There are 2 protein chains.
Amino acid sequence: MDLDRSQNSDRETIESILRDAGLRPTRQRMALGRLLFAGDDRHITAELLHAEVTSEGEHVSLATVYNTLHQFRRAGLLREIAIESNKTYFDTNTSNHNHFLIEPDGELMDIQSDCISIDGLPEPPEGMRISHIDVVVRLVRED
Amino acid sequence: MDLDRSQNSDRETIESILRDAGLRPTRQRMALGRLLFAGDDRHITAELLHAEVTSEGEHVSLATVYNTLHQFRRAGLLREIAIESNKTYFDTNTSNHNHFLIEPDGELMDIQSDCISIDGLPEPPEGMRISHIDVVVRLVRED
DNA sequence: ATTTGTGCAAATCGTTTGCATCTGA
DNA sequence: TCAGATGCAAACGATTTGCACAAAT
């Protein structure tokens, strides 16, 4: 289930998101959390987030951005997106959903999961179970 | 469509695969091509392929392995696999199919595409068309 | 002969880590 | 107070690149 993010812009909500995840609401995490969890769902990289927080006048070191993104992911606040890229993309939408990938520029768009159904999956091998299914629909510009 | 690889082990077949792709059949490309296109479909990284070709006693520099893998991909002989990993994986099976990903060790298994059907995809945005759909089914060991 | 490919080492890029310092509970 | 968090710079691993040399048509 997705959180209602309509009011996430205020400090208190971000703070409780962090506390609920067992993370101390430090200045850096609050700043990053506000960028990530307030407003719409986002697809973002560490470098990009670092640039954003910096342009707000907040100082957060790049290493801390990396560390924080992984902490958020471990806490279930972010999900890593599987696309072929040398960079790691994180998605603030942790509910089941899938992606359109605009090939030429690498831009991502959400596809709501309830649209999509997958049939005919073979049984997983003995002793394994499906944890999650990722669907990436690659788009190219029509010529 | 998949090539019949049952006889790809001989020089002539590899050579014609390369020529058809517009690539000169150099010693290095032949050695890599034989490893990739003879026998079963494979999921491989540059480092791994370099280790293989080296252990055969052939000398191909790592840079050439990287360059060659990308040439093969551009020629449509390989496909890059979309998984979240710091390494780039290539698939010698360029037909439409999908993957099981064994989470703990990152191992990949093919799922034949004709098993799977995807319903309920929304229309792509104006001026875009679907080039390819990747499905990755993540597996974890049952506890 | 001319184009194309290769090897090597250095450069680059994204990311992680070690460690001294600082901060929140 | 003191575990936990951060910053910095150095380390790292995967990949790319520049350029002199070699091989293919």
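Chain A of this predicted model holds four helices and seven strands. Helices (H or I, at least four residues) and strands (E, at least two) are DSSP runs, numbered from the N terminus. Read from the N terminus, the order in chain A is α-α-β-α-α-β-β-β-β-β-β.

| Property of chain A | Value |
|---|---|
| Box filled by the C-alpha atoms, along the principal axes | roughly 50 × 45 × 30 Å |
| Accessible surface (Shrake-Rupley method, 1.4 Å probe) | about 7700 Å² |
| Distance between the mean positions of positive and negative charges | 10 Å |

Carbon and sulfur atoms account for 45% of the accessible surface of chain A. Of the 143 residues in chain A, 38% are buried, meaning under 20% relative accessible area with a 1.4 Å probe and protein chains only. Contacts (heavy atoms within 4.5 Å) between residues at least 6 apart in the sequence of chain A join residues at least 24 apart in 47% of cases.

The charges of chain A are 15 positive and 26 negative. Lys and Arg count as positive and Asp and Glu as negative, while His and the chain ends are not counted. Each charge is placed at NZ of Lys, CZ of Arg, CG of Asp or CD of Glu.

The same surface serves both copies, since 100% of the contact residues of chain B recur in chain A.

Residues are numbered from 1 along each chain as its sequence is written, and chains are lettered from A in the order in which they are written. In this predicted model local features need pLDDT of at least 70, and totals for chains, interfaces and linings use all residues.

Notes: This is a predicted model: local features need pLDDT of at least 70, side-chain atom pairs count only at pLDDT 80 or more; totals for chains, interfaces and linings use all residues. Side-chain values use heavy atoms; hydrogens and water are left out. Buried means under 20% relative accessible area, exposed over 50%, partly exposed in between (1.4 Å probe, protein chains only).
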